[in-house]
Each structure stands twice: as C-alpha cells, then as structure tokens.
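Try each task before you read its solution.

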Amino acid sequence: MRGDAARARGDWAAAAREYGRHCARRPRDAAIAVQWGHALKQSQQFDAALAAYRHALLHRPEDADLLLSIGHLHKLRGDRERAFDFYRQSAARDGNRHAMLEIDALQQAGVAYEETSDEATLVGFFQAHMHALHVEAVKGISLIDHPGGRIETRSGAARVIASPAHGTARSARLGMLTIDVQPFDPAHRPRGIVMLDYGAGFDERFAIVFTVTSDPVLVPIVRPDLLVAIAWTPDRKANVLHPPTIVFHAEATLDAPSGTETIAAEDAARASWEMMPPDPHIGSDYRSWSARFELPAFEDREAIMHMIEEMSYRPTFSFVMPTYNTPIPLLRACIDSMLAQSYPDFEICIADDASPNTEVMATLEAYSAGDPRVRIIRRSTNGHISEASNSALELARGAFVVLVDHDDLLPDYALAVVASYLNRYPDADILYSDEDKIDRHGLRSAPYFKGRWNRFLMYGHNMVSHLGVYRRTLVEAVGGFRVGFEGSQDYDLLLRCYERSSDDRVIHIPHVLYHWRMIPGSTSVSADQKDYACLAAQRALNEHFARCALPMRSVPGFAAGLTGVTPHAVPPANVTIVIPTRNGLASLRRCIDAIQATEREATNIVVVDNDSDDPATLSYLETLVAKGVASVVRDPLPFNFSRVCNIGAAAARGDILCFLNNDTEVLAADWIVRARMLLALPDVGIVGARLLYPDRTLQHFGIVLGMGAHGIAGTPHGGIAEDAPGYFGKARLMQEFSAVTAACLFIRKTDFEAVGGFDTEFAIAYNDVDLCLRIAARGLKIVGDPGILLLHAESTTRGDDVMGAKAARLAQDAEQMRERWGNQLNNDPYYSPNLTLERSDFSLAVPPRVAFPWQAATH
C-alpha cells in the first residue's frame with residue numbers, strides 16, 4: 001500500500017493522503033482508518049485525525065487501543081477533560097494499564113510514585129485502615145506511594161488476612177464487617193471476596209462475593225464469638241484502589257434470626273454465606289446480554305414451533321437422572337424444566353437411589369402418575385451415582401440420552417436446539433452445549449462458552465459436561481456408567497464413548513442449554529468440593545491413555561478439579577533446534593545457555609546467522625561451532641523470517657524441528673520430551689509453547705483467528721499473571737488451537753517439507769499462522785502445551801512492527817492473509833462465537849456471531 005510506503009519513509013502528509021483515498025474506497029476498513037488517523041496526527045492535522053479516529057470507532061467501538069489513541073489526541077490538543085474520558089473508556093474495556101497511567105498522569109501531573117510490596121510495610125498500612133481487627137498477612141498487593149496512599153491488586157490471589165482484635169467483646173449471635181473501598185477509576189468497580197475461618201481454615205464453598213458500590217459493603221458474621229480470622233480479597237482482578245476502611249462490629253445492630261446463637265463453629269461460615277443478600281451486579285453484564293440475545297421473544301416461540309414442525313428428522317430423547325435426598329423444591333424445579341420443553345419427543349427416566357427422605361419418592365410418584373413421560377424406579381439399596389444412573393439408563397428408550405443432575409435446570413428450548421443440530425449432523429454420537437451457573441436466588445452467572453470438540457483440552461477437564469447428549473446405542477455398547485468412577489462417572493463415560501466415535505461425530509452447540517445449580521457441596525461452586533471426583537477423573541484418563549496406547553499419564557492439575565499431562569514411555573526422536581539470529585549476543589547467549597541446562601538428549605542446534613556484523617557475536621558463533629554446541633549457517637540477505645527458518649530447516653538432521661527465537665529462555669527442563677510426546681501422535685502436526693514476558697506475565701499461549709489489530713490473529717489472555725488460570729483454566733491447560741506462535745514451534749520435518757515450509761511471502765508476520773493453517777488443512781492438529789514454558793523478550797534483535805517499513809510490511813502481510821484464508825479468519829472453531837474478537841479478555845460478543853437455529857431460519 002502506498003500509504004505504508006509513505007509512512008515508512010516518514011512522509012506523514014503523503015501517508016495521510018493515501019490512507020484517506022483507501023478509506024474513501026473501503027470505508028469499512030477500520031484498521032486503515034486508524035492508520036489514517038495516526039498519519040494525520042503526526043502531520044499535526046489534529047481535527048482531521050479526530051475525524052478519522054471517529055470513523056474507525058464506528059466500526060470498532062470496543063477497541064481499547066483506539067480509544068487510547070483518541071485520548072492521546074485530545075491530550076495533545078490540551079483538552080484534559082475529553083482525554084480523561086477516553087482514557088477511562090480505554091481502561092474500562094480491558095484494564096489497559098497504559099490508559100490508567102495516563103489517567104494518573106492527568107490527575108497528578110508531574111509526580112512520579114514508587115511501589116512497595118514489602119509485607120511489613122503493607123501490614124502496617126492495612127492495620128491503620130482496619131478497626132477492631134489485627135492484620136496477620138498481606139499477599140498479592142502493592143502499595144503505591146503517593147499522597148494518601150493507593151493499593152494495587154495484581155490478581156484474584158490478592159488477600160489480606162486479619163483476626164478479631166484481642167479484648168473485643170463479641171456477641172454470640174450476629175456481628176458485621178463493613179468494607180468501604182473505592183476504585184481509583186470509577187469504571188473499574190471491584191468485585192471483592194470475604195472468607196471466614198471458624199477454626200477449620202477458610203472454606204471456598206462459602207466465599208462471600210460482592211460488588212463494591214459507592215456505599216460500604218455489609219457482610220454478616222454469624223457467631224462472631226467463634227470467629228478466628230477473615231480473609232479479604234479486594235478485587236478478583238487487577239485494579240488500583242484508594243485506601244480502604246474496614247471495621248469489624250462485634251455486635252450488629254440488625255436482628256439475628258432465631259437460633260443463631262446455637263449455630264456451631266463448623267456451620268457458622270455457611271450460615272454467614274446464606275445470610276448475605278444476593279449481589280445484583282454479579283453476572284449482570286451476562287444476564288443483560290442473555291436477555292438481549294438468548295431469551296426468546298413471543299414471535300420466537302412461534303418460530304421454534306414452526307422449526308420443529310419442519311424437521312425432516314425427529315430424534316427421540318431420554319432424560320437420564322439419578323436422585324438421592326434431593327431438596328424437594330429443587331427437584332420439582334428440575335423436573336418442571338424438563339417437562340416444559342417445547343420439543344415434544346422425549347421421556348424422563350429417573351432412578352431414586354434409596355433416598356432416606358420419603359418425600360423424594362412421593363414427589364417422583366406424583367409426577368409419574370400425572371405424566372406418562374415421567375418413568376421412575378426406586379432402587380432397594382443405595383449404590384451411589386453410577387449404579388443409580390445405570391438404573392435410570394435401563395428405562396431409556398430414546399435414540400439419545402440426555403444427562404441431567406437432580407437439582408439443575410434447562411431452558412425450555414434446549415431439546416429443540418439439540419434436535420435442530422441433529423438434523424444438521426445426523427451422524428453425531430455426542431453433542432454438548434455451553435452452560436452457566438444459577439444461584440439459590442435464581443440469578444445466572446459464569447457462562448462457559450466452549451469451542452469445537454478439543455480432545456487435548458478434555459485431558460485437563462471435562463469440557464463436555466453439561467448439556468451432554470449421547471447416542472443411546474453407543475452408551476449401551478460401552479457398558480454405561482462404571483462403578484468406581486463416582487464423581488467423574490460422566491467423564492469416564494465420555495472417554496469410552498469417544499474411543500468408539502470420532503472427532504467429527506462430537507458436535508458442539510454454541511448456546512447455553514444448561515443451568516448448573518450453585519449450592520454448597522456442588523462442583524459448580526468450587527471444583528475442590530469433591531476430591532474423590534478429581535481422583536476418579538485421573539483414573540479415567542489414565543485408563544483411556546492405556547487403552548489408546550498414548551505416551552502420557554494424567555497427574556494433578558494446577559488447581560482443584562483440573563488435571564495435567566506428563567510424558568510416559570515416549571518413543572525416541574531426534575530434534576533439531578533452529579535459531580535465527582542477527583547480532584544480539586546477550587540474548588543469543590542466554591537462549592543457548594538455557595537450552596543446555598535442560599534435558600536435551602538426541603538434540604542438536606542450528607543457528608541461522610542473518611548477516612551479523614558484531615565482532616563479539618561472530619566470535620561467539622565460532623566458539624559454538626568449535627565446541628560442538630551448534631552448527632551455524634549463513635543468510636546474508638535482508639531479514640525474512642520465513643526464508644531464514646527454511647534455511648535452518650534444510651540444514652537440520654532431526655526428525656522434529658523446533659523453531660526458536662533467539663530472545664527466548666527455556667524454563668521447563670522437560671520441554672523436548674513433552675514435544676516428542678505430542679508429536680508421537682500421528683494426528684498432531686504442530687506443538688506450541690507457553691511464553692512469558694520477562695515480568696512473568698503471559699505473552700503467548702495459542703492464537704485466536706480474527707483477533708488483533710488487523711483482524712487476522714491475536715493472543716488470548718495476553719498480559720495476565722503467570723499463575724492466573726484464565727478463562728475456565730484455558731490460560732494453563734493443554735489444548736488445540738488454530739495456530740501457535742513460531743517463537744517456539746515444534747513440527748515433524750516430513751510435515752514441514754510436505755507443505756513447503758514457511759511461505760516466504762510472509763516476511764515479517766503471520767508466517768506462523770499461515771503454516772499452522774496449512775498443516776491443519778492436512779487434517780493435523782495444532783496443540784499448545786503449557787508445560788513447554790519459556791521467557792520471551794519479543795523480537796529484541798529485530799525491533800517491533802509498530803512504525804516505519806516493518807509496520808508497512810505487517811499491513812501487507814495482513815492483506816495477503818485475508819486474500820488467502822478469507823472467511824476462515826472470522827470463524828476460529830476453538831473460540832466461542834459468543835466471545836468478542838475485539839479484545840483478548842473473553843468478554844461477550846455483541847452480537848453473538850452464531851444465531852439460534854430458529855433465528856437463522858427467519859433471517
């Protein structure tokens with residue numbers, strides 16, 4: 001593009017003219033409109049730049065970086081008020097730290113502040129702001145030293161632990177904790193957590209979650225005379241807050257419910273949790289989104305019935321549900337939600353597992369007597385959930401079984417959507433939907449928007465879960481549920497059914513068709529509620545790995561309810577590590593030293609020197625060759641990442657190639673064997689790594705198509721803390737992606753050569769995405785392994801792609817990607833269409849990119 005060329009030579013006026021002409025021809029090209037604004041700003045045409053930015057904003061209203069640029073422009077024009085407003089909007093979109101710093105600079109012009117994480121200082125600071133409490137410890141919080149103080153939370157791991165002060169007279173009935181804390185930026189309202197310890201430690205089941213408003217938060221404390229400690233998390237995400245005021249009232253002015261004074265210590269945390277009023281803010285964004293895009297209108301009801309009538313295939317369904325001492329109101333609500341289905345071809349098969357509470361069976365008998373679709377059986381002895389589920393399964397006559405827990409809910413259109421997808425995919429063996437959680441007040445929150453069937457993600461958690469629909473003959477063929485896997489019996493069933501099916505017969509339905517009840521003791525509240533379930537999951541996975549002869553074993557994951565994968569009996573394979581470099585001695589030395597400190601049996605290193613002219617670097621390369629550490633091949637031509645890598649691959653003698661940036665440092669000692677483990681699987685084509693910035697925040701773990709500045713590809717979870725789990729653990733779970741970064745990429749040499757290596761047309765960017773898409777087109781999977789962990793300084797020897805000729809080439813590469821891959825870039829199968837592509841924080845898409853079946857039929 002001529003605009004890029006003009007920008008590269010610093011002719012901003014010419015660049016602005018060319019970008020303007022392009023936008024006149026293609027007014028919806030927001031990326032170029034942004035570049036137009038940049039060029040106009042650089043040429044001091046501020047009014048015109050603002051108009052260009054506003055034009056781009058029409059198409060990208062959620063773009064935090066664009067809002068930041070508009071803020072910069074207003075700042076240059078001297079309009080502090082408008083600059084502040086746009087900085088605030090930018091920060092509100094994705095917690096943009098640059099925007100927050102600009103806000104700080106506008107409010108405290110010319111003053112630089114220091115941060116401290118010294119715990120003794122932090123304890124003293126919080127002690128001064130807490131009353132009737134003794135501060136014991138402070139974790140994950142920094143103090144920003146400026147007038148009045150300011151605290152910064154790094155992540156949801158931030159916590160202040162305090163105990164009631166000695167000598168505080170405490171009531172035996174009800175106390176109160178008042179928390180008054182305000183965010184530095186009003187757009188970033190904190191969502192805090194309080195947990196109470198009554199002598200048995202903090203129990204996450206009864207974590208009291210609340211959203212901070214302008215008024216103090218009141219947390220009821222049952223039996224304050226028994227309270228040992230409190231734990232306060234100021235915010236579940238990173239934030240900057242004003243100093244808090246926290247007061248422990250040993251005796252509340254509110255009336256306590258009768259009997260409160262007799263509550264035992266082991267029940268006090270739960271009683272306090274139950275007394276906390278529901279937080280209308282939690283899930284409010286999701287509930288608003290759901291009401292707008294999910295809740296069927298009156299005309300939709302007619303469209304649903306018409307869709308059902310027009311179906312050429314009418315599959316039959318059997319709900320399969322075990323019960324045991326289910327609270328009667330929850331049981332009724334569950335059964336009513338099944339009976340309310342708009343799709344009529346179903347039955348409900350319930351097996352009661354000898355509930356001691358006779359009301360359970362009486363309720364089931366009443367439903368069965370009132371509706372022949374409700375079929376029940378009472379087991380004479382309690383056999384736990386697997387045997388009870390099998391008893392319910394024996395009643396089933398439908399073509400598909402639908403697994404339901406005895407206290408959960410389904411929307412009334414759930415089966416209609418499943419039937420529609422079965423008409424689209426009649427050979428499907430397993431179907432699964434998105435899901436959310438519903439609390440005791442009926443408020444929905446925490447939606448899990450899933451992606452395409454992802455076998456490797458399944459090795460970390462049961463990604464199918466709810467709503468799970470299985471072909472009945474397949475379930476019967478594998479023997480139903482297995483005793484001994486209680487708590488993960490559906491996980492075990494999924495693995496065994498999948499072994500007799502295939503990837504293309506496991507279908508994802510991108511709509512929430514299941515509401516998982518949040519009650520204490522349920523894994524919907526916290527996955528560590530059922531330790532036996534985690535152990536059963538590992539056993540199920542390990543038996544699956546053994547049956548399928550996979551060179552891996554399941555191990556405990558980084559958090560409760562999750563599992564990890566470790567290599568086991570991995571077949572040997574030679575690996576060649578290809579490292580492109582140009583000068584950058586310090587980076588290259590650190591890279592090589594880190595490799596040598598790891599397990600590197602049957603590996604060799606090829607350094608591709610792209611015309612280094614630094615004598616020290618050239619001397620170091622000669623030393624590497626002399627000591628047999630690496631071989632060196634030369635490429636004197638101008639930088640082209642694809643060509644340089646291809647040259648290194650041609651010189652490689654390994655069965656597996658590892659393309660590695662010279663500014664990386666390997667942190668995982670077993671990185672090579674982990675790559676061998678995955679590439680020993682014939683359907684895996686590329687293995688990617690998890691890369692951290694030097695400050696230990698996440699830089700890369702997988703690539704999402706359609707995301708990023710050019711709408712080509714972007715990095716989800718970018719910038720979160722190293723130990724943060726991300727969206728449902730996905731920042732740290734092995735999984736399939738559409739692409740991974742070539743900063744550390746493993747591939748079999750035969751596959752690399754079969755697709756012609758990296759395409760040299762992509763000299764700077766997107767060469768890795770293009771390679772991954774070409775490998776995937778051959779039917780091979782792209783897998784990211786979080787266990788392959790490295791630090792990455794991000795192109796320190798090449799520079800960035802933000803300005804000049806490199807930025808121009810980046811735009812050119814983006815245009816070529818659009819021409820080559822077209823609409824595929826807008827439909828990443830592993831990323832939910834209910835999540836936005838405008839940002840990398842897994843926020844909601846407005847509107848969703850996939851409509852409900854009846855909506856698609858009527859538009």
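**Exercise 1. A salt bridge and its surroundings**

Task: Find how the side chains of D751 and R748 meet, and decide whether the two residues are buried or exposed.

Solution. Please keep in mind that this is a predicted model.
- Step 1: D751 and R748 form a salt bridge, with an N to O distance of 3.0 Å. The cut-off is 4 Å between a side-chain nitrogen of Lys or Arg and a carboxyl oxygen of Asp or Glu, so the pair qualifies.
- Step 2: Both D751 and R748 are buried.
- Step 3: Elsewhere, salt bridges with shared partners link R482, D492, R496, E499, R539, E543 and R547 into one network.
- Step 4: Over the whole structure, the search gives 40 salt bridges.

**Exercise 2. Two further pairs**

Solution. 
- Step 1: The closest N and O atoms of E347 and R375 are 3.7 Å apart.

**Exercise 3. Enclosed space**

Task: Find how many cavities of 30 Å³ or more there are, and describe the lining of each.

Solution. 
- Step 1: Rolling a probe the size of a water molecule over the atoms shows where empty space is left.
- Step 2: The count is two cavities of 30 Å³ or more.
- Step 3: The largest cavity has a volume of about 150 Å³. Its lining has 18 residues, with Q735, F737, Y830, Y831 and F842 nearest the centre.
- Step 4: Strand β33 (residues 735-737) provides the largest share of that lining, three residues. By class, the lining of the largest cavity holds 10 nonpolar, five polar and three charged residues.
- Step 5: The second largest cavity contains about 40 Å³ of space. Its lining is made up of M195, L196, D203, F206, I208, A269, S272 and W273.
- Step 6: Both β8 (191-197) and α9 (265-275) supply at least two residues of this second lining, and α9 gives the most, three. The classes here are six nonpolar, one polar and one charged.

**Exercise 4. A helix check**

Task: What span should helix α5 (residues 64-76) have at 1.5 Å a residue, and how far apart are its end C-alpha atoms?

Solution. 
- Step 1: The expected span is 1.5 Å times one less than the number of residues. With 13 residues, α5 should therefore span 18 Å.
- Step 2: The end C-alpha atoms of α5 are 19 Å apart, which agrees.
- Step 3: Buried residues in α5 include L66, L67, I70 and L73.
- Step 4: After α5 comes G78, with a positive phi near 85°.

**Exercise 5. Cysteines**

Task: How many disulfides does the structure hold?

Solution. 
- Step 1: The structure has zero disulfides.
- Step 2: C591 is in no disulfide, and its nearest cysteine sulfur, that of C658, lies 8.9 Å away. The cut-off for a disulfide is 2.5 Å between sulfur atoms.
- Step 3: C591 is buried, with 1% relative accessibility, and C497 is buried at 0%.

Note on methods. Residues numbered from 1 in each chain as written. Predicted model: local features only at pLDDT ≥ 70, side-chain atom pairs only at ≥ 80, totals over all residues. Heavy atoms only, no water. 1 Å grid on protein atoms, 1.4 Å probe; cavity = no way out; pocket = protein on both sides within 12 Å on 5 of 7 lines; lining within 4 Å. Points joined across faces, edges and corners; volume = space filled by probe spheres on them. Helix = DSSP H or I, 4+ residues; strand = E, 2+ residues; numbered from the N terminus. Nonpolar A, V, L, I, M, F, W, Y, C, P; charged D, E, K, R; others polar. Buried < 20%, exposed > 50% of the residue type's maximum accessible area, 1.4 Å probe, protein only.
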